[in-house]
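Hi there,

Here is the structure I promised to pass on. Have a look at it first, and my notes follow below.

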Amino acid sequence: LEAIGLAANNIIVARLGELGRAALAGRRFKIPFLAALSSMMVERLCDSVAVLVLFNAMAFFNTDVISTRLRVITLGVLSCALGVLAILVFAYRELEPGGILEKRLKLLPKAHDLSVKLVTGARALRTRAAFPIMGLSLLLWCVNAMPFWLVDKAMGLGLLDFSRSLLVLTWGAAGASVPAAPGAGGTFEAAGRSGMETMGAAPPQALVYAVLVHILAYSTV
């Protein structure tokens with residue numbers, strides 16, 4: 001399902017492959033489409049939290065290239081992402097019989113049903129599974145940083161250690177999250193180039209680097 005969603009995003013604009021992945025997941029696991037989509041929204045939120053945590057952790061060790069202003073901004077975004085996750089996790093109780101939201105939506109059963117489906121995706125985060133979920137998400141992004149480091153070595157730039165590879169990865173992830181051309185074409189390159197220039201690469205080198213990393217990631221999917 002993950003491969004199908006990513007591959008579809010590589011040929012469809014605005015990351016609409018996620019909708020196809022949700023439809024397939026709903027059919028395969030016999031759950032409502034909105035519940036499957038909600039699960040994937042929570043997955044993306046967990047990914048965002050993991051990326052922002054790693055960025056701020058690595059920025060702590062690279063204060064020479066990451067400004068205090070940027071760290072403050074990313075900490076603010078991290079707080080917002082955690083806030084949304086908290087709402088999804090704890091709103092479920094308020095939708096149960098006797099809950100505040102359940103009482104207010106009692107006259108709107110369809111709205112209540114829709115709300116329940118939307119928060120269903122966060123059910124796993126209300127259990128002990130929340131810790132391995134976040135741990136695996138952090139591990140996933142650490143693994144994703146390896147191609148960034150390897151391409152730096154292959155080009156002979158010598159600008160990235162593992163911590164800086166993670167920082168450039170977050171630049172690329174930010175660019176890829178923009179719902180633009182299929183496969184984040186252009187936005188990933190612009191963000192990756194900016195990240196590498198920040199690390200000290202010349203603009204032409206930075207652009208070639210971003211293109212090579214994108215081709216590698218595209219080929220993997």
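A residue is called buried under 20% relative accessible area, exposed over 50%, and partly exposed in between. Arginine 193, at 30%, therefore counts as partly exposed. Please keep in mind that this is a predicted model.

Arginine 193 pairs with glutamate 197 in a salt bridge, with N and O 2.9 Å apart. The two residues sit four residues apart in helix H9 (residues 187-198), about one turn of the helix. Glutamate 197 is partly exposed too, at 34%.

The structure has ten salt bridges. Another of them joins aspartate 47 to arginine 44 at 3.2 Å, N to O, and both residues belong to helix H3, three residues apart.

Lysine 153 is partly exposed at 40%, whereas aspartate 152 is buried at 0%.

On the helix packing: the axes of H3 (residues 33-60) and H4 (residues 68-95) come within 9 Å and cross at roughly 150°. An angle over 145 degrees counts as roughly antiparallel, so that is how H3 and H4 run relative to each other. Their crossing is left-handed.

Finally, there is a nonpolar surface patch of about 620 Å² accessible area, formed by Ile11, Ile12, Val13, Leu16, Leu19, Phe33 and Tyr218. Leucine 19 lies in helix H2 (residues 17-29).

Best wishes

Notes. Residues numbered from 1 in each chain as written. Predicted model: local features only at pLDDT ≥ 70, side-chain atom pairs only at ≥ 80, totals over all residues. Heavy atoms only, no water. Patch = residues over 30% accessible without salt bridge, like charges linked within 9 Å, V, L, I, M, F, W, Y side chains within 5 Å. Areas by Shrake-Rupley, 256 points an atom, 1.4 Å probe, with all protein chains shown as cover. Salt bridge = Lys/Arg side-chain N within 4 Å of Asp/Glu carboxyl O. Axes fitted to C-alpha atoms, helices over the stretch in contact; angles between N-to-C directions. Parallel < 35°, antiparallel > 145°, perpendicular 65-115°, else oblique. Left-handed = near helix turned anticlockwise from the far one by under 90°. Buried < 20%, exposed > 50% of the residue type's maximum accessible area, 1.4 Å probe, protein only.
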